[in-house]
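Subject: Structure handover

Hello,

Here is the structure I promised to pass on. Please open it first, then read my notes below.

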Amino acid sequence: MLNLHELEQRWLRYKIKSYLPYLAIVLSVSVIFLSLFVFLREPSTPITKNITPIKAPVISPKPQVILKPKQPQVEKKVLTQKKELPQVQKEIIPSPRSTNKVILSPSLGFMKKMQTDQQPYYKNEHTNENNDVQIKAPTVTVVRDDIQHVEHPKIETVKKISITHKNTHNDIAEIISRFKKNNNPALSLFVAKKYYELGDYRQAYNYALITNQINQDIEVSWIIFTKSLVKLGEKKKAIKTLKQYIHQSHSNSAQILLDEIISGKFK
Amino acid sequence: MSSIFVNSKDVFLDIVNAKDYVQLDRVSSIYQSLKDSIKKPLKMILLYGKPGTGKSMFLNKLHTDLSSTQSIFLYKTPILDESEFYKTLAQDIFGTRYSGELNFTQFMKIVEKKEFQETPVVLLDEAQLYSDVLMEKIRLLSDTRTVKFVITLHKTEKEDIIAKEHFQTRIWETIELENASSSELKIYIQKKLMKANCFDSANMFTNKSVNRIHKITNGNYRDTNKLLYTLFDLYSLYEKSSRLSNIRTDQVPNKLIEMSAIHTGLIDA
């Protein structure tokens with residue numbers, strides 16, 4: 001005997017069961033598309049991948065060994081010309097600032113400060129402009145060149161630029177290794193700035209992010225981070241990040257940068 | 001007064017009756033070739049196909065059509081006992097009644113004594129149930145040309161009967177019956193209903209609904225009959241419970257087809 005109600009129930013169950021495979025296909029396809037969309041929009045996963053390997057210490061003993069001998073070299077060279085140096089410094093200080101080449105000397109102080117670990121982070125902003133300072137050996141030679149040819153034409157300055165560029169990567173590696181040791185956000189921020197200057201925006205982004213993770217209050221790290229994002233073609237994300245930061249900090253420089261990004265001045 | 005649904009339901013009762021034979025183009029041509037084969041001097045004709053393709057109906061129709069003009073004997077159910085089989089044939093074909101045991105040698109003596117102007121035709125349905133020994137005797141009997149056999153077999157996937165040696169050498173004609181196509185099934189259903197004056201019910205079967213039925217039954221006549229019997233049973237139940245307004249009556253809805261299939265086991269739900 002047919003039971004209509006029971007049969008209708010069975011039919012309903014059958015219908016649901018027959019639609020399940022289609023539902024599963026639709027769901028899986030939508031999940032794939034969604035994940036693809038998210039993956040293409042936010043390159044956050046590869047960045048974190050980049051970050052983790054950086055943290056793993058690889059070269060630990062070298063930096064100290066290299067740094068120490070370098071400083072003495074500098075001092076030695078200075079010492080060998082004991083008689084000349086005092087005169088040189090007196091002459092140099094006024095002239096190089098006007099030409100923007102000899103401002104390398106303050107960076108040495110910055111580097112020394114790094115070694116002492118606890119430094120106020122914001123003070124380093126001024127030294128950023130003198131990023132070339134990092135390279136100590138060249139700076140000394142530059143100084144000497146300038147000393148000898150204080151009044152000579154610009155040909156010498158071209159040489160100086162090429163010298164600093166050659167040693168930049170070694171110095172960054174040095175700073176990185178030091179950063180791995182003491183985890184000082186000032187160091188990572190410095191590295192971020194350096195990478196940004198060198199045009200390695202991916203690394204600049206990474207180190208700005210690392211700096212931010214250690215200390216969220218460093219304004220420069222936010223700025224480097226967003227600038228790198230813009231350079232990497234992630235303008236929307238940069239704007240979003242800056243807006244969030246401005247909302248929290250009411251930073252003027254961040255606001256200026258945001259305006260520049262939005263107006264297209266900063267590309 | 002019984003409703004159209006009850007009448008339509010009865011149309012699809014699983015009964016093999018030559019009167020219910022539905023003329024379809026392909027089936028008719030096969031039937032004609034079978035009739036022609038019987039007229040030929042063939043020893044044995046094999047009719048095979050999957051269950052529910054209409055083999056029994058063919059034999060019935062053949063028997064009905066030829067019984068008035070020819071000596072033809074139909075055995076719908078197999079006679080499995082050998083002695084009983086010979087005794088039945090001796091009585092039906094040769095008019096010799098035997099009270100005791102009858103073996104093959106004795107039966108052959110009876111066969112040799114009789115002479116017919118026209119070879120009698122024996123129709124054996126469900127021949128796959130006969131033992132190999134008996135089948136061999138049937139083969140020997142057909143070799144004498146005193147009796148012509150038309151046998152029907154199930155074509156199974158495991159074992160292809162036609163490949164059997166004793167059939168391969170002696171069967172002169174093999175006819176395979178197949179399931180109906182979707183269009184044939186529509187004609188089959190509608191003709192069957194119209195034969196019983198159920199015109200409204202016949203009009204309910206649109207191409208869409210027949211396609212759904214065909215998908216479920218694979219065009220198997222027996223399964224289709226079963227499904228449609230349940231379908232009209234469901235209609236009559238809806239009618240009884242005054243819920244007929246809930247379902248479509250201008251055409252057969254897929255829901256009812258599927259419900260019938262679930263009930264008959266054609267759909268595993």
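In which helix of chain B do B:Lys61 and B:Asp65 lie, and how many residues apart are they? Both sit in helix α3, residues 55-66, 4 residues apart, about one turn of the helix. Helices here are DSSP runs of H or I with at least four residues, strands are runs of E with at least two, and both are numbered from the N terminus.

Some ground rules. This is a predicted model: local features need pLDDT of at least 70, side-chain atom pairs count only at pLDDT 80 or more, and totals for chains, interfaces and linings use all residues. Residues are numbered from 1 along each chain as its sequence is written, chains are lettered from A and ligands numbered from 1 in the order in which they are written, and side-chain values use heavy atoms, with hydrogens and water left out.

**Chain B**

Chain B has 12 helices and 5 strands. Of its 269 residues, 50% count as buried. Buried means under 20% relative accessible area, exposed over 50%, and partly exposed in between (1.4 Å probe, protein chains only).

**Salt bridges within helices**

A salt bridge is a side-chain nitrogen of Lys or Arg within 4 Å of a carboxyl oxygen of Asp or Glu. The count over all chains is 13.

B:Lys61 and B:Asp65 form one, at 3.6 Å, N to O. B:Lys61 is buried at 15% relative accessibility. B:Asp65 is partly exposed at 27%.

Now look at helix α6, residues 132-143. B:Arg139 meets B:Glu136 in a salt bridge at 2.5 Å. B:Arg139 also meets B:Asp143, at 3.4 Å. B:Glu136 is 3 residues from B:Arg139, and B:Asp143 is 4 residues from B:Arg139. B:Arg139 is buried at 9%. Its two partners are partly exposed: B:Glu136 at 27%, B:Asp143 at 26%.

**Where chains A and B meet**

The contact (heavy atoms within 4.5 Å) takes 10 residues from chain A and 16 from chain B. The buried area is about 1,300 Å², and carbon and sulfur atoms give 68% of it. That area is the accessible area (1.4 Å probe) that two parts lose on being put together, summed over both.

There are 3 salt bridges between the two chains. One joins B:Arg243 and A:Glu8 at 3.0 Å, N to O. A:Glu8, B:Arg243 and B:Lys255 are linked in a network of salt bridges.

Best wishes
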